[in-house]
Amino acid sequence: MSNAPVAAERPTSSFRISLLRLWDAFKMPALAILSAFILGGIVILITSGKPLTVLQAYFGLVQGAFLNQRAFSETLVKTTPYILLSLGVGVGFKTGLFNIGVEGQFYIGAVSAAWVGVLFPGLPAIIHLPLALLAGVIGGAIWAAIPGYLKARTGAHEVISTMMMNYIAFRLQEYIVTWLLKDPSAGLVQSPPVAKAAEVWTLYQIPVRLQDPLNALGVALVFAIIALLIARWALGTPRLREQVETAGQRRIVYLVVGVLVFLITFFGLPAFTRVWWPFTDPYDRMHIGLFIALAVSVGVWWLLWKTTLGFEMRTVGANPSAARYAGVSITRNIMVAMALSGALAGLAGAVEVLGVTTCRCVQVSFISGYGWDSIGISLLAKNNPFGIIAASFLWGAMGNGADFMELNSGVSKYIISLLQGLVLLFVAAPAIVRWIFRIRAERRPEEEVPLTHWEVK
Amino acid sequence: MAFALQATGITKHFPGVLANDHVSFTLEKGEIHALLGENGAGKSTLMNILYGLYQPDEGEIMIDSQPRRIDTPHDAISLGIGMVHQHFMLVPPLTVTENIMLGQESIQASSRVLGKLAVLNRRSVTERIYELSQQYGLEVDPEAVVQDLPVGAQQRVEIIKALYRAADILILDEPTAVLTPQEADELFIIMRNLVNQGKSIIFITHKLREVFAVADRISVMRAGQVVGTVKPSEATQEMLAEMMVGRKVILQIDKADAHPGEVVLSIDGLQVMDDRRHMAVDGVSLAVRAGEILGVAGVQGNGQTELVEALTGLRHPLEGRVTILGHDTTRATPRQIIEVGIAHVPEDRQKHGLVLSFSVRDNLVLCTYYQSPFAQGIELNFPVIENFAEELVHTFDIRTPSLETNVGSLSGGNQQKVIVARELARQVKLLVANQPTRGLDVGSIEFIHRRIVDARDKGAAVLLVSAELDEIMSLSDRIAVMYKGRILDTLEGKSAAREQLGLLMAGVTKEVAHV
Amino acid sequence: MSTTTNTTGRIRRTGLRGTWWVTALMIAFGLFTIWGLLSLVIRGHGVCGQKCILDTLNQMFRVATPIAFAAFCGVMCERSGVFNIGIEGQMLMSAMVCYAVNLFSYQGLKNVMDPAAAGDMSRWLALVAGVISAVLLGSLHAVVSIKFKVDQIISGTVINILAIGITGYLYRQFLAENLPPGPGTFPIFNIPLLSKIPILGPIFFEQKPLTYLMFILTFVIQYVLFFTPWGLRTRAVGEHPRAADTLGVNVHYMRYVDVLAGSAIAGLGGAWFTLEAVDVFNPLMTNGLGFIGLAAMIFGKWTPFGSLLGALIFGLGSSVTSTVSIFRPDIPSQFPQMLPYILTIIVLTGVVGRATPMAAGGKPYEKQ
């Protein structure tokens, strides 16, 4: 009765299980997106009166996002802040926190990075760029840690406090740019442009940048570290683990890999890029921030699922009572999660200022609106870092294609925000989508309704 | 023979479980009919069907020999059926009067036209409550706020709530779970009183003793079926126990004598406040030695919860000291206390003991994930964790389809086993078990009792807190009785008598009794 | 607060804090402090005479109006157990709809009646339309969180995002340029005799309709919540829905109606922006006042009078800082603008007293 295990027929191959799980994971979001576009199409039809407009709109969207000149790059440029911001929101969600203050943390990160970018005019890029990014990270982290601390100590609900911090951040940024960090020579109210050394490199610039030996050094170091991490992961897989057993052997592998990659990159890469480099369009805005974002995504995934800290954070998010009883410190995890969340948002702001804005500065009218979107992206992707990358790409594509869509069909580009809102609605209430498409909720055996709910409690 | 209620062929399915299997049950007018069965037998389901909270898949119900449909509690109430649930259905911040009139509010006649927005007439309800209180001997204060009432008073409110709605049939679901033996006796007197005034009562319990005290007939349920209906005069405890479980039940666990060693846990003058700023633990001192089981008996709500929370670092005491193995843990964090060597089986397994959405594997390392070998520095070592989890599942016979299964899909007994496995797998110096077998079937109860005794035999000190007097008496080497935040007395397990313990649980100490 | 309990559990409140005259004293003390600070800050830059003070206090009520409505919406929803953080979005939606309907219906109506009457009519029509739009959004939130049992914070956030999206789109499409002139906002209505009372008159009785409605609604909600069967059931459903269910109360129905009623109030709050405050709409005009309303509700311990007090405190903060900035244009405007938000955070941290929300708040109810 209550002890009898529920027998289940399970497919034998674990690959098939993963594939099935993948399909399951993607099915609902995909259908949500489809439903949103269908509904959006109906709205366009109603407001314009012509079915042709719907086609023009959606084709224009696709063309504007991917096909036009530089369109794909622009889509990727828009994707980058979404990835970082949504990771921030996702990390918060996983710990049971609704950080809707990512917008404000984004601003503070931007301002902090701009400030550091303007200070220290003589520093080489190998120091100045990471420093400026770090400033953004710290700024965002502090901005989020304040409501985090308040929540941990006083229980102040973070939805309201982070929202308030947003509005304070808008004003603070205005104040700083208008009074403290003002560029006297510019026509508009904005901060001075950051030093060239603090800029985030666009892909076009890379061959030139690499001519500076210090920059090449920095890049080589980064590549070497990445190579080492990959080597570490590879040595952990079952097959290689048998072949490389002792610690001494491992150290040799690491040494060889690290030194080799470093040398090849340091000496080879600048020369190589001088000879051949595909990114030759000076107006192409794609920048290395994207790669930073991707690397950070992997880092967040590793943190959440492979480390003790991540385990604690997820436990606090899933059941704070049980976490307490098991010895996990709720206060510490709330603070860490909020700080991390803010750090990611701050990094997004830093990258945006240092790599995307034309003036490489913060303008007083700096409005992003990325914040609300990233909450939606995180919900759509169920807080999974890789889902976040995919959803961010979708959002970036929609945002980028919207301008051309308007040109092509006359439909206001703000219908995109309507579409995005609808996607969210359908994701939040999958039952609606199920009802539309007549999908019955499947019950896999191990996820059946618990047997205990009717027992005498 | 007039029947107040007849249920025939009641069948109810839940996903994966047949809760009621063609159950037939009758209630004669003016009788107290006890429904006996272990946790999970289907008693509550049957009663919820009679009260309209569930709908049966098959079967028929007759009230006063007329077939009736009971689709909602509203129908049940209008048919004269009233239910006192095991977990009280009272809204804590509202007064007694407001709770009683909820759903059937009386309004000032002049504002009747406003319908639900008319003015409430509290006075008429209050007067009626006084009337009922006199008539049936149920003392309550209608203006009191429910959350400030002691448990016994709350129960009386529940009964009056049913009588206010002119219930002729009363269903009492495990009413004695929250009462001392003396209070239970008082309740039985009230029940007799009600029956003498024409009511009929269904009385659900899993405690064998009680049915002999008060029942006119006893029906036993097991695995969703009614196994038999007998008169108390024709039955014995052993017979009923066997009917309940389906095999011979050992009513007393078999344990060797205790050989207590050094003092492991020492509590000195502990004072702890609860969430509502009342003194829940009022100067408790006790000591538990290695290799002995100290049982803390007492009805829930006398400070046991706060005592355990203070011991495990979840609540800071106001005054006093807690020492575990020489370490002062009075203001330590839960993690520090775990590292000293405490194992804690919490009261509420689903809320405090497990993360229901995590896998069995994750729950098994919930307390130790950060220690080597489960983690190296900050990184988790999954192969080691998997092996460990597999071993535990095997040793503790946890029935689960896989290690990855969400622990929320396991049965109550298996969930508790996960917790017990996790806690006992460590080097346990002190085991604190709080209501460890609540809501479990007999098989699981036996298993867990066995494990607790094993831990003791391996040299752990065990602090067992339980509201089930049988459990305390069966397992404990020494018994301390807690009443209103104080330990009234500590007795030897072997020689303690039920009567004695019952009196202590009700606050009657030797001095008072002699006066 | 101290209490005594006898054997049957009756509580007699014997403490100080709950009494009305203590609250009145605290309010007086607060006002005095603020007047003192005000004088200090503007010393040397001008004098805030009687008219200036009366104007500031009058403005307090005006600014408090949307906050109070938001708080009332929160009270209605949360008392029945449903968190609604989508109030901001509902107000934004209502503001836009009110603006649009006001404008466009005026165009139609002024051809059939004289302009003044057409203006009045279009404003009332707009009010109704705004309320309806907020109720529609609220019904979405209700269905998603009650029927589909989605996390209520997520559902509220989705409402906010949807509102921003819809209003942004419709605004750019139809309302950004080439607009005909509209009839303007509600005029101030001086209550005949009462507005002539010295001091109190100009403060309380020279307001616009929605502000008066705010006062009336405070009493109405207090009555409904604590003196009627509906209110009793609502409170029960918010604290212990299963208990109410066992007594035949329909938990889901109560929650739906309460959320819809609350949404209507949020619609009134949104109408304030475009029918009373200013005669334009811009896409982010609600400025977080919906969230501040939630803070006022928590401050007021989920009661209408407490929420009103909370809203007035924010209103006072806002109106005092705008008075100060008239006298001191040298202080960067951003700092006074930050003040309401900082104040909200302070309130939230419970410096002004911890508050316990409804026990069943935020939890979807499962009928078993």
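**A friendly note on chains A, B and C**

1. Let's start where two chains meet: the contact takes 32 residues from chain B and 25 residues from chain C. On the side of chain B that touches chain C, helix 2 (residues 73–78) of chain B gives the largest share, three residues. By class, that side of chain B has 21 nonpolar, four polar and seven charged residues. Please keep in mind while reading that this is a predicted model.

2. Now for chain B as a whole. Chain B holds 18 helices and 22 strands. Along the principal axes, its C-alpha atoms fill a box of roughly 70 × 50 × 50 Å. The radius of gyration of chain B is 25 Å, which agrees with the value near 24 Å that a compact globule of 515 residues would have.

3. Staying inside chain B, buried residues make up 50% of its 515 residues. Sequence separation is also worth a look: of the contacts in chain B between residues at least 6 apart in sequence, 67% join residues at least 24 apart.

4. Chain A comes in two parts. Domain 1 of chain A is made of 22–67 + 401–439, while domain 2 of chain A covers 80–400. Taken over C-alpha atoms, the centres of domain 1 and domain 2 of chain A are separated by 30 Å. Their contact takes 14 residues from domain 1 of chain A and nine residues from domain 2 of chain A.

5. Which helices supply the side of domain 1 of chain A that touches domain 2 of chain A? Helix 2 (51–67), helix 16 (385–409) and helix 17 (415–428) of chain A each supply at least two residues of that side. The largest share, seven residues, comes from helix 17 of chain A. Sorted by class, this side of domain 1 of chain A has eleven nonpolar, three polar and no charged residues.

6. Helix 3 (residues 71–94) and helix 14 (residues 330–355) of chain A pack with their axes 8 Å apart, at an angle of about 170 degrees. Angles over 145 degrees count as roughly antiparallel, and helix 3 and helix 14 of chain A are therefore roughly antiparallel to each other.

7. To find this pair in the structure, look in helix 3 of chain A for residues including A:Leu84, A:Gly88 and A:Val91, and in helix 14 of chain A for residues including A:Ala337, A:Leu344 and A:Val351. The residues of the contact between helix 3 and helix 14 of chain A divide into 14 nonpolar, five polar and one charged.

Note on methods. Residues numbered from 1 in each chain as written. Chains lettered and ligands numbered in written order. Predicted model: local features only at pLDDT ≥ 70, side-chain atom pairs only at ≥ 80, totals over all residues. Domains from an automatic or database assignment. Contact = placed C-beta atoms within 7 Å. Helix = DSSP H or I, 4+ residues; strand = E, 2+ residues; numbered from the N terminus. Nonpolar A, V, L, I, M, F, W, Y, C, P; charged D, E, K, R; others polar. Axes fitted to C-alpha atoms, helices over the stretch in contact; angles between N-to-C directions. Parallel < 35°, antiparallel > 145°, perpendicular 65-115°, else oblique. Rg over C-alpha atoms; globule rule 2.2 N^0.38 Å. Buried ≥ 20, exposed ≤ 12 C-beta atoms within 10 Å, placed from the backbone.
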